[in-house]
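User: I'd like to go through this model with you. Could you take a look?
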Amino acid sequence: MLLKGQGQGLLRIIANNMTKKNFSSATAPALEIEPKKDVEVPTKISRINPLTHPDYFGVGKMFTVRDLMEARVHFGHKDGSLNDRMKPYLFGSRLNHTIFNLDITAEHLKRALNVTAHTALQGGLILFFCRSSINAHTVEKTAKECGEFAHTRYWRGGTFTNSKIQFKAITRLPDLCIFLNTLNNVMLQHTAVRDAAKMNIPSIGIVDSNCSPDLITYLVPGNDDSPASIELYCSLFKEAILRGKAKRKELLQEIENMEKEQKDS
Amino acid sequence: MAFSRLEKIGNIYTRVTGLLRAGAMKWEDRPLFYDIYTAFPPIKENVYMEEAPKIKVREIFYAEDQERATRDYTNMLAFDMNEKKPKRFDRQKFIDKQHISTTKAQQTEDIGSKEKLFDVQNLDLKKD
């Protein structure tokens with residue numbers, strides 16, 4: 001179902017050499033990929049496994065809480081449409097309008113951006129979703145600019161689950177789904193959220209106060225309706241993906257040079 | 001290659017870990033997200049249809065809301081339609097000045113009477 005992309009094998013070699021695969025025992029896998037704190041990125045990037053660095057791509061410095069506030073990320077919907085499972089992410093409600101806690105949002109957004117950048121580094125295919133007609137064009141443009149994919153139209157049922165028959169060939173499914181809007185245009189959860197969970201594809205979702213946080217791997221609580229906030233998210237995800245891809249290019253170049261040196265010596 | 005489609009039973013990570021442990025999936029064939037998820041798991045693990053936590057959503061109110069609710073603003077300008085540039089509303093200026101004077105009073109602990117706090121005559125609304 002998932003075809004391996006070119007170069008993914010090379011990065012896996014590096015990762016495999018540094019992680020222990022220990023499934024012989026019945027206990028949980030002992031994978032030594034715990035990120036260490038206060039690790040500087042060395043000049044020769046192939047020396048460390050990027051996953052051990054807490055913030056390899058400097059994602060934490062890409063935005064501030066003030067940026068989120070100015071993009072109106074803290075505005076949720078009204079109290080009546082509040083999904084009970086979104087309560088922990090709220091700061092409170094101001095005259096029945098729910099307000100998100102931007103410190104919590106910032107933390108979640110950093111995690112989501114980090115995951116996006118690492119996925120891009122490993123050569124993953126990223127698919128953006130946005131079913132809001134005002135913001136659909138922004139999302140499509142973003143996807144184009146970072147060389148990834150977007151699906152902002154009607155979602156046909158079996159696109160993930162029945163891809164072999166609908167596309168009439170074995171299809172490479174995305175390695176990450178980013179939902180700028182988890183609801184579809186009839187205010188129900190987007191089918192692709194459930195389908196991505198079915199097909200073992202991690203999903204990042206901007207979850208508003210009226211949305212369900214079910215089945216989304218990395219959620220980012222925040223406003224998903226204002227064009228200002230969608231533009232901010234799009235620019236951040238685009239930046240993360242471009243950084244990941246740039247590092248990938250560097251890394252592959254280094255590996256090539258190392259192999260050349262080995263051949264010469 | 002085996003994959004589990006049971007999205008309600010566990011999240012993607014637990015399902016793939018199960019397959020790897022059981023030997024249904026080889027380590028070399030693991031999906032792309034597996035290492036990334038191990039290193040950077042979500043801040044809160046995703047559990048399908050988990051019970052909502054019993055938290056009360058706090059209502060956001062400020063000290064000046066008491067003033068906003070009780071004071072009579074009939075003679076105070078809310079919005080000047082003639083102005084081209086949006087100027088600070090007289091009502092908001094009043095609240096800001098009052099807020100400043102109350103916080104100052106609280107700092108000096110010289111609150112005195114309520115009339116002193118809300119001393120309307122001495123406030124200069126045109127000053128900005």
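User: Which residues in α3(A) meet α7(A), and which in α7(A) do they meet?
Analyst: From α3(A), they are Leu109(A), Ala112(A), Leu113(A), Thr116(A), Ala117(A), Ala120(A) and Leu121(A). They meet Leu236(A), Phe237(A), Ala240(A), Ile241(A), Gly244(A), Lys245(A), Lys247(A) and Arg248(A) in α7(A), with contact meaning heavy atoms within 4.5 Å. This is a predicted model, where local features need pLDDT of at least 70, side-chain atom pairs count only at pLDDT 80 or more, and totals for chains, interfaces and linings use all residues. Residues are numbered from 1 along each chain as written, chains are lettered from A in written order, and side-chain values use heavy atoms, without hydrogens or water.
User: At what angle do the axes of α3 and α7 of chain A cross?
Analyst: Roughly 35°, and the axes come within 7 Å (lines fitted to C-alpha atoms over the stretch in contact, angles from 0 to 180 degrees between N-to-C directions).
User: Switching to the interface: how many residues does each chain give?
Analyst: Chain B gives 45 and chain A gives 57.
User: What area is buried there?
Analyst: About 4500 Å², with carbon and sulfur atoms giving 62%; this is accessible area (1.4 Å probe) lost on putting the two parts together, summed over both. Trp27(B), Leu32(B) and Phe40(B) supply 18% of what chain B buries against chain A, more than any other three residues.
User: How many salt bridges cross the interface?
Analyst: Two, by the rule of a Lys or Arg side-chain nitrogen within 4 Å of an Asp or Glu carboxyl oxygen. One of them joins Arg94(A) to Asp65(B), with the closest N and O atoms 2.6 Å apart.

Note on methods:
Helix = DSSP H or I, 4+ residues; strand = E, 2+ residues; numbered from the N terminus.
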